[in-house]
Amino acid sequence: MLEITDLHATVADKPILKGLSLTVAAGEVHAIMGPNGAGKSTLAYVLGGRPGYEVTHGSVTFNGVDLFEMDPHERAAAGLFLGFQYPVEIPGVSNLQFLREALNSQRKQRGEEPLTGGEFLKLAREKAALLKLDPEMLKRHVNVGFSGGEKKRAEMVQMGILDPKLAVLDETDSGLDIDALRIVGEGINAIMRDPAKGVLLITHYQRLLDVVKPDRVSVLAGGRIVQTGGPELALRLESEGYDAVMADA
Ligand code: ADP
Ligand code: MG
Ligand code: MG
């Protein structure tokens, strides 16, 4: 589903990704772990097409199509979802307006009929319930005054509504307390655990992987994947640390 080959990327002319290769197969959760500054968020931004992140070499295909031939809206309409560590606030726009506009614009690009107001509300309430988010929160402006945990749950409601094929989730667990972590993790499972879908799950902590059990775990360090293994690799990283595990690689 996602195939990244020898990817090099720079930020402000500084090389950050230096020959990164990895795949995500349909039906798979591939966890990416790695020390601070390794390039994990840069990878997520490059996949999303964020301005300022320049690809200098390598290729990325998404369901066989060259990702870099698509603009960010086309990537989203094709089923790519990005969840970020610091969700943005959008004063003046309610969650419901924002989500309906996002969904219907993606449906339009795919040649599908827009959802009616009633259909959309039903869908939004269903996903809010899944994430145990008070549906009244959806009437409030996007993320304005939301706690860290509410922002993450609102983002997962967004993911549930958009129903992507591939989710790239960057430290979705950061700032969550134990109960919110479980709710968000179970939300990811409910929305994305599907033979036709894939997840690239960037995290520092085993605790999210206790809920969202990865099929594969890779270590990103110095802009490259330096080690790949099964779920046991995450457990080793947790107990021994990156330096010890990478010294053995
Ligand atoms: P991670 O998410 O793995 O902690 P990042 O992808 O955020 O790492 O950052 C990788 C490296 O890129 C770091 O050294 C960081 O300082 C640098 N970097 C990220 N964004 C910028 C930027 N806008 N300008 C300059 N350097 C940046
Ligand atoms: Mg970081
Ligand atoms: Mg980061």
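A residue is called buried here if 20 or more other C-beta atoms lie within 10 Å of its own, exposed if 12 or fewer do, and partly exposed in between, with the C-beta atoms placed from the backbone. This is a predicted model, in which local features need pLDDT of at least 70 and side-chain atom pairs count only at pLDDT 80 or more, while totals for chains, interfaces and linings use all residues. Residues are numbered from 1 along each chain as its sequence is written, and chains are lettered from A and ligands numbered from 1 in the order in which they are written.

By that scale K132 is partly exposed, having 14 other C-beta atoms within 10 Å. K132 sits in the loop between α4 and β8, where the helices (H or I, at least four residues) and strands (E, at least two) are DSSP runs numbered from the N terminus. Although K132 is not a glycine, its phi is positive, at about 50°. A12 likewise is not a glycine and has a positive phi of about 50°; this residue belongs to the loop between β1 and β2 and is exposed, with 8 other C-beta atoms within 10 Å.

Four strands form an open sheet in the order β2-β1-β4-β5, with antiparallel pairing, and its edge strands are β2 and β5, each of which pairs on one side only; two strands are taken to pair if DSSP finds at least two bridges between them. β1 is joined to β2 by eight bridges in the antiparallel sense, and here I4 stands opposite L22 of β2. Eight bridges also connect β1 (residues 2-11) with β4 (residues 53-62), again antiparallel, and E3 has T61 in β4 as its bridge partner. From β4 the sheet continues to β5 (residues 65-66) over two antiparallel bridges, with F62 opposite V65. β4 and β5 form a hairpin that has two residues between them, and N63 in this turn has a positive phi of about 50°.

A parallel pairing is found between β6 (residues 80-83) and β9 (residues 166-170), which are joined by four bridges, G83 having L169 in β9 as its bridge partner. Along β6, L80 and L82 point one way whereas F81 and G83 point the other way, and all are buried.

Helix α1 is largely enclosed by the rest of the structure, because seven of its nine residues are buried. The buried residues are K40, T42, L43, A44, Y45, V46 and L47, and just after the helix G49 takes a positive phi of about 85°.

Helix α3 (residues 95-109) has 15 residues and reaches 21 Å from its first C-alpha to its last, close to the 21 Å expected at 1.5 Å a residue, the expected span being 1.5 Å times one less than the number of residues. Which of its residues are buried? In α3 they are N95, L99, R100, L103 and Q106. These residues cover an arc of only 135° around the axis, and therefore lie on the same side of α3; the arc is that of the directions from the helix axis to the C-beta atoms. The face turned away from this buried side carries the exposed residues E101 and K108. The buried residues of α3 pack against α2 (72-77), β7 (90-94), α4 (117-130), β8 (141-142) and α5 (148-162). Just after α3, G111 takes a positive phi of about 75°.

V93 lies in strand β7 and counts as partly exposed, with 14 C-beta neighbours inside 10 Å. Leaving aside its neighbours within four places in sequence, V93 is in contact with F98, H141 and V142, contact meaning that the C-beta atoms of two residues, placed from the backbone, lie within 7 Å.
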